[in-house]
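Biologist: I would like to learn how to read helix packing and ring pairs in a model. Please take one feature at a time.

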Amino acid sequence: MCIHDAYGSIFAISGLDLQSHIADAMRADGIPFNFEHSMIAKSMARRIIMSKSDNTTKKYFNVFQNWCKYCESKQFAKLPASPMCIAIYITELLDKGSSYHTISAIVYAVKWVHSINNFTDPTDNSFIKNLLESAKRTA
């Protein structure tokens, strides 16, 4: 779900746990997590979300939510995601006739969510890159 500020920009997106990942990163760096830092984490999350246009953020969020539902049905970890699990998901979608547009949206949405949460990009994987190229030719 998207929450908008007075100017219509995306303020926060539920389900991404970005603020808690920022708080965890602060703690891991030895920064004491207090009320002030909690407010900074909230502001940082808002600004990171605003790094993409509202429409791009909405699209990536919706695509990522589909990935999350798939992960729940297969008992896969959604975040951080395994490259092999993503490759399996893409293969199943290609086998069902999904378009290149659909496949690329999945790859970029998963890449974006991992990036904003400071996780390693699971889409930087030869299986996924080759499946994306395959989607251009077969979908």
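**Reading buried rings and packed helices**

Modeller: Start with Y89, which is buried, at a relative accessible area of 8%. Buried means under 20% relative accessible area, exposed over 50%, and partly exposed in between, for a 1.4 Å probe and protein chains only. This is a predicted model, in which local features need pLDDT of at least 70 and side-chain atom pairs count only at pLDDT 80 or more, while totals for chains, interfaces and linings use all residues. Residues are numbered from 1 along each chain as its sequence is written, and side-chain values use heavy atoms, with hydrogens and water left out.

Biologist: Which residue forms an aromatic pair with Y89, and how are the planes set?

Modeller: Rings of Phe, Tyr and Trp (its six-membered ring) pair if their centres lie within 6.5 Å; planes under 30 degrees apart are stacked, over 60 edge-to-face, and the rest tilted. Here the partner is Y70, and the pair is tilted, with 4.3 Å centre to centre and 40 degrees between the planes. Y70 lies in helix α3 (residues 54-74) and Y89 in helix α4 (residues 83-95), so the pair ties together parts 19 residues apart in sequence. Helices here are DSSP runs (H or I, at least four residues), numbered from the N terminus. Y70 is also buried, with a relative accessible area of 10%.

Biologist: How many aromatic pairs does the structure hold?

Modeller: Five. Ring pairs link W67, Y70, F76 and Y89 into a cluster.

Biologist: At what angle do α4 and helix α5 pack?

Modeller: Axes are lines fitted to C-alpha atoms, for helices over the stretch in contact, and angles run from 0 to 180 degrees between N-to-C directions. For α4 and α5 (residues 100-116) the angle is about 160 degrees, with the axes 10 Å apart. That makes α4 roughly antiparallel to α5; the cut-offs are under 35 degrees for roughly parallel, over 145 for roughly antiparallel, 65 to 115 for roughly perpendicular, and oblique for the rest.

Biologist: Which residues make the contact?

Modeller: Contact means heavy atoms within 4.5 Å. I86, Y89, I90, L93 and L94 of α4 meet I103, I106, V107 and V110 of α5.

Biologist: How do α1 and α2 cross?

Modeller: The axes of helix α1 (residues 18-28) and helix α2 (residues 35-49) come within 9 Å and cross at roughly 125 degrees. The two helices are therefore oblique to each other. Among the residues in contact are L18 and I22 of α1 and I40 and M44 of α2.
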